[in-house]
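Subject: Handover of a structure, with notes

Dear colleague,

Please find the structure below, together with its sequence.

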Amino acid sequence: MVPTDKAPYALRQETGDLAEGAAKLAGEIGATGVEALLASANRNLRSKGAAGALGSMKPKPSEWYAFDDRDQDTTDWYPQGLTCGEDSGSIGVPVFMVSWYFKPGAGERGIRVSFASPKSLKYQHALLVEAKPDGSYGPINIHAGGIAAYGDLLYVADTEKGLRVFDLGNLLDLRTAQNDLGDAKRIGRHGRKFHAFGYRYVVPQTDLWRVVQAGPHFSFVSIDRSGGTPQLITGEYREKSPGGWVGRWDLPFAGGEPSDAFVLGHPKIQGAVSRGGTWYLSQATDSTANGKLLVHAGDTLQTRPFPIGPEDLTVQGGKLWSVTEFKDKRVIFGVAL
């Protein structure tokens, strides 16, 4: 990891009419919170399920949770980003949030986030949408490779544009609008009904931070709360090295250049988080081989075993957590820092 010029990674705010559209939706439908969503969660996590995700990893993680069979089997949706309640600092219950992108042969269903409770072992999907000033909304077709919660704001990596922002205080329950949620093929407002491809919950985008200079890509996001000033971290996945990068911005987020930036000497970095002077990097291989956890502390590099298909990183309960993406190998897992 080599320090580099910060200017190429600068971001500027382009809110446009996003906040206006989200506020109109919230006014019509009514907002709920993460705790209420979890109380009505309709899917089950399996403690230490889908053990094939661990491959040859030794020692195994101390904890891991598998998604249910419907989400293990699908080849339409792939988990990517991961954040947690401790990142947010304002969610009153333990929770993991996982982003998924849609990858079908045809059609588009956008991106979704799973809200998962490690206590109840229940989870619920919510669709992320782009609201319009006329009170309707549509899907968002991006990779959503990383997410990070800070306060009520959820930052989502947009590969080409930068960072999209969603307000978890505007988590909308369509059933409060007397919807039957029965039409899984429609999205947005149709007549007096709201549709979200059959999802009960939607979260509208409220802001956008766009990259100033063409070139940098935004692949993953995380939060570092280990110092006096919390920081938002983002960076770029590259198939080959060098060229990937990471940067840190002080929070609350105000855009501009990062406070520091580094070029990565490693390929296929799917997630990064820092704690003080130590960096943790999640490195993938393919759908059959174990990934690696790369730990940079000063001038030293340590390589640790990791599961198959590791993605974004977060820290909760003093552990480092990640999520794996491949079919029948989809788990949220935690290891020692």
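The notes below describe the helix, the cores, the sheets and the salt bridges in turn.

This is a predicted model, in which local features need pLDDT of at least 70 and side-chain atom pairs count only at pLDDT 80 or more, while totals for chains, interfaces and linings use all residues. Residues are numbered from 1 along each chain as its sequence is written, and side-chain values use heavy atoms, with hydrogens and water left out.

**The helix α1**

Helices (H or I, at least four residues) and strands (E, at least two) are DSSP runs, numbered from the N terminus. Helix α1 has twelve residues and spans 17 Å from its first C-alpha to its last, close to the expected 16 Å; the expected span is 1.5 Å times one less than the number of residues.

Which residues of α1 are buried? They are L18, G21, A22, L25, A26 and I29. Here buried means under 20% relative accessible area, exposed over 50%, and partly exposed in between (1.4 Å probe, protein chains only). Viewed down the axis of α1, these buried residues fall within an arc of 135°, so they line one face of the helix; the arc is that of the directions from the helix axis to the C-beta atoms. An α-helix has 3.6 residues a turn, so residues three or four places apart point the same way. On the face of α1 turned away from the buried side are the exposed residues E20 and G27. The cover over the buried residues of α1 includes β3 (31-32), β10, β11 (137-139), β15, β17 and β18. After α1 comes G30, which has a positive phi near 95°.

**The nonpolar cores**

A nonpolar core is a set of buried Ala, Val, Leu, Ile, Met, Phe, Trp, Tyr and Cys residues joined through side-chain atoms within 4.5 Å. The largest such core has 30 residues, and those with the most contacts inside it are F67, F96, L127, Y137, A196 and I332. At least two residues of this core come from each of α1, β7 (77-84), β8 (96-102), β10 (122-131), β17 and β28 (319-324). Another core, of 27 residues, lies apart from it and includes A53, A66, W279 and F306.

With neighbours within four places in sequence set aside, A196 is in contact (heavy atoms within 4.5 Å) with L127, Y137, L174, R186, I187 and V202.

**The sheets**

Two strands pair if DSSP finds at least two bridges between them. Strand β5 is joined to β6 (residues 63-66) by two bridges, and R46 stands opposite A66 in β6.

Another open sheet of five strands has the order β1-β22-β21-β20-β19, and its pairing is antiparallel. Here β1 (2-3) and β19 (220-224) are the edge strands. Five bridges connect β20 (residues 231-235) with β21, where R248 is the bridge partner of I233.

Strands β16 (residues 187-190) and β17 pair in the antiparallel sense over four bridges, with R189 opposite F194. Two residues lie between the strands of this hairpin, in which G191 takes a positive phi near 65°.

**The salt bridges**

How many salt bridges does a search of the whole structure find? The total is 18, where a salt bridge is a side-chain nitrogen of Lys or Arg within 4 Å of a carboxyl oxygen of Asp or Glu.

E14 pairs with R210, the closest N and O atoms being 2.7 Å apart. The two are 196 residues apart: E14 is in the loop between β2 (11-13) and α1, and R210 is in β18 (residues 201-211). E14 is partly exposed at 28% relative accessibility, and R210 is partly exposed at 26%.

D260 and R248 also form a salt bridge (2.6 Å, N to O). D260 lies in β22 (residues 260-263) and R248 in β21 (residues 245-250), so the pair ties together parts twelve residues apart in sequence. D260 is buried at 19% relative accessibility, and R248 is buried at 10%. Elsewhere, salt bridges that share partners join R43, D68, R70, D71 and R112 into one network.

Yours sincerely
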